[in-house]
Amino acid sequence: MTTSSPSSDSPQDAPSGNMLLWILLALAIGFAAWQPRSPQATMALVDWQTIGALAGLLAITQAVERSGMLQATAQRLLTRVSTLRGLALLLTATAALLSALVTNDVSLFLLVPLTAVLAAQAHLPLARLVVLQALAVNAGSALTPIGNPQNLYLWHRSGESFLGFMAMMGPTVAIMLAWVFVAVWWLVPRTAITLKPAAAPTAVQPRLLTMAVLLFVAFVIALERHWTLAGLGLVFGVFALAAPRVLRGVDWALLATIALMFVVLRQVAELPAMQTLLLQWPIAEGWRAYLAAIVASQVISNVPATILLDGTVRDLPALAAGVSVGGFGCVLGSLANLIALRLARLPNGLWEFHRISIPFLLVCAASAALLRLG
């Protein structure tokens, strides 16, 4: 059995990601023809703070991947971890931690290819490991303002400090992560790993890795102080001069997709019929706001659901918790789910994902609801 690792140069070439991009572009063109507005007014629909923050984080993470650090680490893992469950726990914990630092989507761009490399070196349940990583990044990314696009958006809307936002999300994230590790323990057996012939060692580029780490620290400080444009200029300027290939590897299609989500969903929210419907629903706060965020996420994914419900829902903690939990369940619940499956290119990925994720959503949503009611 051999497994090929997706190219880090073109993660956006996967069809599932492009399909969503083209659908959103078609809807945006339809709105432009139906309700014309000036280019400036259309651009104003996009939350550029969120797009800029995500762009910088994508570039930094691309540099970490190109440094060879994660690939070299992967080659050493199989010599230190002897059981499938141990490896699954390690990968899942790493996914959750990374997602809190560099967004859920970006974590998958790093870890799913890494998992594919591991599967090429040993007999592993690749589909199950990838699904568990998708659950882990959705849970871990909910902790920090920079963990996922909806958190970036809600953070800028809330006016909370970086640590204040983390304190708000902490209890919900603790429940989600607890269930993630229960799922790993239940679904992955504690059997020995059967190795395949060893792969050649991967060279590490310490200079590029150091550059990425320093830029990450500087960029997070810039985001905290709302200097997004200056931080983005620093990140892109350094990479343009010192490592231009990093910028060519950034998933620009992902950025375009999220920007178009702002354009389309905010126009949907402006429709008189939608405004009337949202105002008639008693979803302004409490458990109703939490449930509405989960249900909306299952249909249009949690980032557009956040944009759509913003303004109607006045309870920001309930909205943030709902769209975080709503990333589980249907594959459309989070863009990270689609990214995980498109990177792994699993033949039965959708079936394996929903077989695990739908029961996970039901259990996790009920547990987090009890926390809020308590």
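Contact, in this report, means heavy atoms within 4.5 Å.

## About the model

The structure is a predicted model, in which local features need pLDDT of at least 70, side-chain atom pairs count only at pLDDT 80 or more, and totals for chains, interfaces and linings use all residues. Residues are numbered from 1 along each chain as its sequence is written, and side-chain values use heavy atoms, with hydrogens and water left out.

## The nonpolar core

Let's begin inside. A nonpolar core is a set of buried Ala, Val, Leu, Ile, Met, Phe, Trp, Tyr and Cys residues joined through side-chain atoms within 4.5 Å; buried means under 20% relative accessible area, exposed over 50%, and partly exposed in between (1.4 Å probe, protein chains only). The largest such core has 132 residues, and those with the most contacts inside it are Leu87, Ile146, Phe239, Val325 and Phe328. Helix 13 (residues 252-270) gives the most to this core, with 13 residues. Helices here are DSSP runs (H or I, at least four residues), numbered from the N terminus.

Leu87 is in contact with Leu77, Leu78, Val81, Leu118, Leu124 and Ile193, once neighbours within four places in sequence are set aside.

## Helix 18

All 10 of the 10 residues of helix 18 (residues 335-344) are buried, so this helix is largely enclosed by the rest of the structure. Among them are Asn337 and Arg342.

Just after the helix, Arg345 takes a positive phi of about 50 degrees.

## Aromatic pairs

Rings of Phe, Tyr and Trp (its six-membered ring) pair if their centres lie within 6.5 Å; planes under 30 degrees apart count as stacked, over 60 as edge-to-face and the rest as tilted. By this rule there are 5 aromatic pairs. One of them joins Trp155 and Phe162 edge-to-face, at 5.8 Å centre to centre and 90 degrees between the planes. Trp155 and Phe162 are both buried.

Phe328 and Phe360 also pair edge-to-face, at 4.7 Å centre to centre with 75 degrees between the planes. Phe328 lies in the loop between helix 17 (316-325) and helix 18, and Phe360 in helix 19 (residues 349-373), so the pair ties together parts that are 32 residues apart in sequence. Phe328 and Phe360 are buried.

Conventions
Helix = DSSP H or I, 4+ residues; strand = E, 2+ residues; numbered from the N terminus.
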